Amino acid sequence: MSGRAERKAAAARHRLLPGGRLAGPMPWIIAIMMFVTVLAAAAGLGLGAAVQSMRADLAGRASVQVVEADAQARAALAARTLQALRAAPDVRAADPVDPVVLADQLRPWLGEDAMNGDLPVPALIDVLLTPGEAGPKIDRLRHLLADLSPKLRIEPHAAFLTPLAGLLSALGWLALGAVLLMTLATAAVVVLAARGAHDSHRGTIDVLHLMGATDVQIARLFQRRIGLDALMGGALGFAFALLVILLIGLRLAATGSDLLAAIALPMRDWLILVALPIAGVLLATLTARWTVLRALGRSL
């Protein structure tokens with residue numbers, strides 16, 4: 001009998017705040033906000049991972065150009081340069097770029113003239129530096145090549161993609177800023193919902209006070225209702241956001257671009273995304289509790 005009485009009492013407490021699962025606008029609003037928040041967080045984390053991968057991959061790489069017009073002299077100078085680079089202590093590997101591959105890459109801009117032997121296309125050598133700071137090593141290699149021939153140029157790969165890395169970093173910070181704004185907006189929506197629920201149940205609250213209920217007990221009713229709404233809305237928004245992220249990941253993989261393929265989420269970032277709905281429920285519950293307790297304190 002006591003168990004049945006407790007269940008009836010619990011049901012009665014829950015009926016103090018009407019509204020079933022996904023019945024009102026609150027869960028849907030939270031679902032939309034969670035959807036946008038997870039997408040923005042995934043974009044920020046993915047762009048950050050791409051920038052780190054790009055910098056790690058290009059920090060120790062450079063290209064040597066042999067800008068000699070004569071084909072035979074260019075080939076001889078490229079051979080001497082390759083031998084000197086492989087003997088340098090700062091170089092881990094040096095490999096010549098296949099002229100056919102280079103011509104294929106130049107064809108979109110130069111047309112069929114890229115395969116014409118009369119066109120003085122510089123010979124290229126890919127250089128992989130030893131681990132460590134790349135700046136001083138590039139300077140030493142530049143002096144080495146200058147002593148070998150004035151027709152040799154060396155350029156680090158990172159120098160070409162520094163503006164792109166800066167753009168991706170800015171977009172990542174913008175996405176994380178959107179996450180912060182959505183968090184503040186979610187808290188504001190919960191405050192408005194809690195205040196509206198408090199005002200609509202003012203008569204019931206007065207009766208509960210007369211029966212000896214404390215402010216904490218009354219606030220627990222509101223935070224339970226809003227917490228359930230946040231749980232349902234957060235789960236729904238996260239599920240749709242996860243579906244969109246997976247679809248975008250498949251599209252990025254289908255492009256075949258190494259740069260776009262670098263926009264991937266490691267396991268740590270996936271855990272962060274999974275934690276967002278949980279954090280959203282905690283935020284909504286604590287915000288509702290604080291709002292109702294403050295409103296009850298003012299009404300006394």
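Me: At about what angle to β4 does helix α6 run?
Reply: This is a predicted model. Helix α6 covers residues 157–200. It lies across β1, β3 and β4. Its direction relative to β4 is about 40°.

Me: In what order do the four strands of the open sheet lie?
Reply: The pairing in this sheet is antiparallel. From one strand to the next, the twist averages 25°. The order is β2-β3-β1-β4.

Me: Which strands does helix α5 touch?
Reply: Helix α5 spans residues 134–148 and packs on the sheet. Its direction makes about 170° with that of β4. The strands touched by α5 are β1, β2, β3 and β4.

Me: Which residue in β4 is the bridge partner of Val64?
Reply: Strand β1 takes in residues 61–66. β1 and β4 pair in the antiparallel sense, over five bridges. The partner of Val64 in β4 is Ile154.

Me: Which residue in β3 is the bridge partner of Gln65?
Reply: β1 and β3 run antiparallel. Six bridges join them. In β3, Gln65 is partnered by Leu124.

Me: What is the bridge partner of Val91 in β3?
Reply: Five bridges join β2 to β3, and the two run antiparallel. For Val91, the partner in β3 is Leu129.

Me: Is Asp229 buried or exposed?
Reply: Asp229 lies in helix α8, residues 215–255. Its relative accessibility is 10%. The cut-off for buried is under 20%. Asp229 therefore counts as buried.

Me: Which residues does Asp229 contact, leaving aside its neighbours within four places in sequence?
Reply: Asp229 belongs to helix α8. With those neighbours set aside, its contacts are Met26, Pro27 and Ile30.

Me: How many contacts beyond four places in sequence does the model have for residues 18–22?
Reply: Over residues 18–22, pLDDT stays under 50. Low values call for caution, because such predicted coordinates should not be read in detail. For residues 18–22, the number of contacts beyond four places is eight.

Conventions: Residues numbered from 1 in each chain as written. Predicted model: local features only at pLDDT ≥ 70, side-chain atom pairs only at ≥ 80, totals over all residues. Heavy atoms only, no water. Pairing = 2+ DSSP bridges. Axes fitted to C-alpha atoms, helices over the stretch in contact; angles between N-to-C directions. Contact = heavy atoms within 4.5 Å. pLDDT = per-residue confidence, 0-100. Buried < 20%, exposed > 50% of the residue type's maximum accessible area, 1.4 Å probe, protein only.
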